[in-house]
Amino acid sequence: MLDLQFARSNTFRWTLMVAGVLAAFILALFGFIYWTIDDYLITRSDRVISAHIDGLGGLTAERRLEAIDERLRQDPRGVQLAAIFAADGRRITGNLESLPAGLNIDAPPQGVDIIRIDRGGREHQTIRAIARRMGDGDVLVIGRNVDEVREISRVVGQALALGLLPGFCLCLLAGAWLSVRAQKRVEEVNQRVRRIIAGDLRERLPHRTADDPLSKLAIIVNGMLDEMETMIHALAGVGNDIAHDLRTPLTRARLALERGRTNATSLEQLQAVVDKAIAGIDQSLTIITALLRLAEIENSRRSAGFGNVNLHDMLREVHDIYEPIAENKDIALQVEVERPLTVRGDRDLLIEAVANLVDNAIKFTPDGGKVSIKLLCDGSEPVIRVTDTGCGIGEQEREAVLRRFYRSDKIRNTPGVGLGLNLVAAIVRLHGFRMTIHSGPGCQVEIACPDQPD
Amino acid sequence: MAKVLLIEDDAETAEEIKAELADRGFDVEWSANGIEGLDKARSSQPDAMIVDRLLPGMDGLTVIETLRKEQVRTPVLVLSALGAVDDRVRGLRMGGDDYLTKPFAIVELVARMEALLRRPAESRETTLKVATLEIDLIERTAKRGDRAIELLPREFRLLEYMMRRADQLLTRAMLLEEVWNYKFVPATNLVDVHMGRLRHKVDGPGDPPMIHNVRGAGFILKAVP
């Protein structure tokens, strides 16, 4: 299957095309070389035979015959051709059987077919020749075998066969190999992706060295898969937490109702039981509301309801709202503003975030403590800092407090849903701000609000 | 007797609401789908309507929109299982006067119904008076009898809201929405703390109390103690 498929793959088609173009180019190059050399050799031959015929033409008839004999004898390569024909066409001397047909007399050198007779038989050759009529009416023919040209063309052809054909084959092989290899890898990736789709979240894509693009892609995709696996596990964890946190109050409600139905003997008792049940159901509903709110914020787009928010006014408002609550617990709630600062954001959400932080701070600070809301400028960034003198958040709990439903063991008996900081974190993320939690003697939460380009 | 039209497709929920409103002295008419509800709204001219958002036939918001186009100004309370802020804003923009997310406490529904039926008329008066309690909306001052009451801005807003709706039950959620402009429910019992302070100022020692806490429901400013 694979053997046939590679021929249809893109890699292979490309290789084939490139190889074809290369071959055509090389052919053209060789053709050019051949043509140039051919031209050069013919010009040279023509020059030589023209010079000879000029030389021989100036001699007497006897000397001419001697010169021709001499010339033919001293030609080990057998490239020289010469003959004298009488006016009636009879051969007087030389190695040509007859005056070549089509050879123009007293014309520049030209190519003609002749029959050569000096080497023990008749031999057809194509030569360059020139003919001239002498003073006595004889026709002198001087020729030169341009076999060298054919030799060169043979060499060029051989070179072509030796170079081009194997090269072309090599190209095809390389193309086939590359495409088969690519196909194998794609097939492997396909299989693994199918396994991931089927639910095997631990599967990863194969990769070799970091330098090849496919491996780079695989590494990036693997990174994404890691992230997704973590998120899916986290989600499953959140699901469990939600189930647990919803079940607890519902169980209480159910138990109360069940026991009340059996044991209550008066209307007052039954009402007490029902009140307890309603409280349990309300607690579950509060959790659902908080979760939906969290999802709403996490899914909303930035800048939907964004405008300029005066942080100082906002903090004063939060202070006004929480001041009586703090006073009830004998906590000093202070607001300090270095200078008025403005950020782009959703005022309602930002109030919600700061209110949550202040709410937490007051909740976790023992009576007689202190909570301060500060607006300061760190470099060019406005920073909102909420500090309390409560129990603080331990180093190992910093990450955990941002998890849903996380409630520190230290505060198990304080009422709450355990989603407050998640809400704050979601709002902060939506704005592109940063939240950091420090811990000294108490707890200090900072929201840095860098300017976000819209 | 106030006539209320309830358009709600869940029979059990409708039954409970009908029974509760009937107990409170309302005359309740019920319709289980949007088209029939719209017809009833046109024919029987109720004093107020309670409309569920998701209804068979025609959805609740379309019913309200249609009525508003016909210049019907009947106050409408929208009920919905969709609780997101955007849904709420949409419900109010389409002509609803108040919006309540399911599930809700029945006292919340009744309180909001009463509030819709007894919406204070826009008045040009610059002072409000309930029994001996009096506030000046321009000077931002309050007094009970001859005793002047020092109020913070938000306390003044709270008192003004309550005086405009004297003798009505005001739930915590209503107060949060209207006085604090909160679109979320804070973890702490904010309203109670603020109300406690206001009550402390309004009901001085020796005065008969005017601000009453209705257990599990909310608060009432009563003219006659």
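How many helices and strands are there in chain A? Chain A has nine helices and 12 strands. The legends below refer to a predicted model.

**Figure 1. Overview of chain A and scores of the predicted model.** The model has an ipTM of 0.77 and a pTM of 0.61. Chain A comprises 454 residues, and 24% of them count as buried. Among contacts in chain A with a separation of 6 or more, 63% are between residues 24 or more positions apart.

**Figure 2. Confidence along chain B.** The mean pLDDT of chain B is 88, and 96% of its residues score at least 70. Of the elements of chain B, strand β1 (residues 3-7) has the highest mean pLDDT, 94. The lowest mean, 78, belongs to helix α4 (residues 85-93) of chain B.

**Figure 3. The five-stranded sheet of chain A.** The strands of this open, mixed sheet follow the order β7-β9-β10-β12-β11 in chain A. β7 (332-337) and β11 (434-439) of chain A are at the edges; each has a single partner strand, so one side of each lacks a neighbour in the sheet. Ignoring direction, neighbouring strands are turned against each other by 15 degrees on average. Within the sheet, strand β10 (residues 381-388) and strand β12 (residues 443-448) of chain A are antiparallel and joined by five bridges. In this pair, A:T387 is opposite A:Q444 of β12(A).

Figure 4. Helix α7 (residues 311-328) of chain A meets helix α8 (residues 190-202) of chain B, with axes that come within 9 Å and cross at roughly 80 degrees. The two helices are therefore roughly perpendicular. From α7(A), the contact involves A:I321, A:P324, A:I325 and A:N328. Their counterparts in α8(B) are B:L190, B:V193, B:H194 and B:R197. By class, the contact of α7(A) with α8(B) consists of five nonpolar, two polar and one charged residues.

**Figure 5. The four-stranded sheet of chain B.** In chain B, an open sheet is built from four strands in the order β6-β7-β8-β9, with antiparallel pairing. The edges are β6 (127-130) and β9 (147-149) of chain B, each with a single partner strand, so one side of each has no neighbour in the sheet. From one strand to the next, the twist averages 20 degrees. Four bridges connect β6(B) with strand β7 (residues 133-136) of chain B, and these two strands run antiparallel. Opposite B:T127 is B:D136 of β7(B).

**Figure 6. Strand β12 of chain B and its pairings with β10 and β11.** Strand β12 (residues 218-221) of chain B pairs with strand β10 (residues 170-171) of chain B in the antiparallel sense, over two bridges. Here B:T171 faces B:G218 in β12(B). Strand β11 (residues 211-214) of chain B is also paired antiparallel with β12(B), over four bridges. In that pairing, B:V214 has B:G218 as its bridge partner. β11(B) and β12(B) form a hairpin with three residues between them. In the turn, B:G216 has a positive phi of about 70 degrees.

Notes. Residues numbered from 1 in each chain as written. Chains lettered and ligands numbered in written order. Predicted model: local features only at pLDDT ≥ 70, side-chain atom pairs only at ≥ 80, totals over all residues. pLDDT = per-residue confidence, 0-100. Pairing = 2+ DSSP bridges. Axes fitted to C-alpha atoms, helices over the stretch in contact; angles between N-to-C directions. Parallel < 35°, antiparallel > 145°, perpendicular 65-115°, else oblique. Contact = placed C-beta atoms within 7 Å. Nonpolar A, V, L, I, M, F, W, Y, C, P; charged D, E, K, R; others polar. Buried ≥ 20, exposed ≤ 12 C-beta atoms within 10 Å, placed from the backbone.
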